[in-house]
Amino acid sequence: MDAELQADRAALADTVRRFAESEIAPNVQAWDDAGEFPRALYARAAELGLLGLGYPEELGGTPASYSLKLPAWVALARHGKSGGVLASLFSHNIGLPPVVLHASDAVRREVVPPVLRGEKIAALAITESGGGSDVAALRTTARRDGDHYVVNGEKTFITSGMRADWITVAVRTGEGRGAGGISMLLVPGDAVGLTRTRLSKMGWLCSDTATLHFDNVRVPARYLLGNEGEGFRMIMGNFNGERIGLAAGALGFSQACLDEALAWARERKAFGAPLIGHQAVRHKLVDMQMRIASTEAWIEAVSAQGDALEAAGRHNAPEWVAQICMLKNHATQTMQFCADQAVQILGGMGFMRGTVSERIYREVKVMMIGGGAEEVMKELAAKQLGWL
């Protein structure tokens, strides 16, 4: 890694740390209790350039490699200490890429800049109650009617679903079932016939999550992304960035658990000595650090590999997709381990709302399921490696 990139990474990580420590972490418990965070946070993140990181300059963003974005993602998780905030504040990172890559220039300029300025919220709607990880089985339909598509169906577990202004929706435009008839359609949040139902969750409490209902929703045909039938390929490509982001977040949350557990072990006394003076506790902390170190090394390697492949025009190379799938599993397993060990070290306090480890403990499972469940990741990795 060259000196310029190292300096840029350090500066960006420091900016993110200060933002997270001053504007996110002190408010997380209150936001969890309220079930949402203020929309003003989007504008503040946009002022610092965080919402536009990785987007084209002509649309109001700042182009950035995976290697540059990585420390920002990790720092937001480690110092913000809330998956709920990150999930909704950056839901555009899964909702906008298909728009940037496949919408017309006019639609891109209409939609993307206001989101990157923090004025609008973007979301992605793929999952359905009857399909889950089986994307090819989705049943929401979009029927062409003149200059519009008429959308009917339902999406669920949609992050930022209650207040998204733009929703990138996977729909079935072709006959029958399977991947071939799937398309991507951008739906305005104020479209007539679109209704939303808030969902209650185990974790990510301040992230609004919803079921979306489409009842003869008319969407202008100009909001079709790419061509009909190309949606499945878009979805699969979009998952790569989401999974790297999840892995980076899992690394940061693992570090947050270690931070809290280590501080507690140094302060708390039991049997005449600080907890860290007891071998059993020290060994738990070392086990956490071992897993964090391996995750950090792997994600750095995968990010560098992704940058090299992108420069070579091989964005979705099978060997890279396999690495992403395995990394996502490894990182979230590290997060699960560290959250569990931290709660154990904190003892009774680890069971109390308001501690970082308690919150992260409840957020682990959505990280292991979201973006592709563990079992799906293993199967996809095996296929990409040519084992099947």
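Buried means under 20% relative accessible area, exposed over 50%, and partly exposed in between, with a 1.4 Å probe and protein chains only. This is a predicted model, in which local features need pLDDT of at least 70 and side-chain atom pairs count only at pLDDT 80 or more, while totals for chains, interfaces and linings use all residues. Residues are numbered from 1 along each chain as its sequence is written, and side-chain values use heavy atoms, with hydrogens and water left out.

View 1. Asp105 is partly exposed, at 40% relative accessibility. Arg109 is also partly exposed, with a relative accessible area of 44%. The two residues form a salt bridge, with the closest N and O atoms 3.2 Å apart. A salt bridge here is a side-chain nitrogen of Lys or Arg within 4 Å of a carboxyl oxygen of Asp or Glu. Both partners sit in helix H8 (residues 105–116), four residues apart, about one turn of the helix. Helices (H or I, at least four residues) and strands (E, at least two) are DSSP runs, numbered from the N terminus.

**View 2. Arg163 and Asp208, a salt bridge between two loops.** The side chains of Asp208 and Arg163 meet at 3.5 Å, N to O. This pair links distant parts of the chain, 45 residues apart. Arg163 lies in the loop between strand E3 (148–159) and strand E4 (166–172). Asp208 lies in the loop between strand E6 (194–198) and strand E7 (209–220). Asp208 is buried, at 0% relative accessibility. Arg163 is buried as well, at 13%.

**View 3. Arg17 and Glu21 in helix H1.** Glu21 and Arg17 form a salt bridge, with 2.9 Å between the closest N and O atoms. They are four residues apart in helix H1 (residues 3–24), so about one helical turn separates them. Glu21 is partly exposed, at 38% relative accessibility. Arg17 is partly exposed too, at 27%. Both belong to a network of salt bridges that links Asp14, Arg17, Arg18 and Glu21. The structure holds 21 salt bridges.

View 4. UniProt, in an unreviewed entry, places "domain: Acyl-CoA dehydrogenase/oxidase N-terminal" at residues 8–119. That span is 68% helix and 0% strand, and its end C-alpha atoms lie 27 Å apart. The unreviewed entry also places "domain: Acyl-CoA dehydrogenase/oxidase C-terminal" at residues 229–385. Residues 229–385 are 79% helix and 3% strand, with end C-alpha atoms 26 Å apart. UniProt positions follow the numbering used here, feature names are shortened, and annotations may be inferred rather than shown by experiment.
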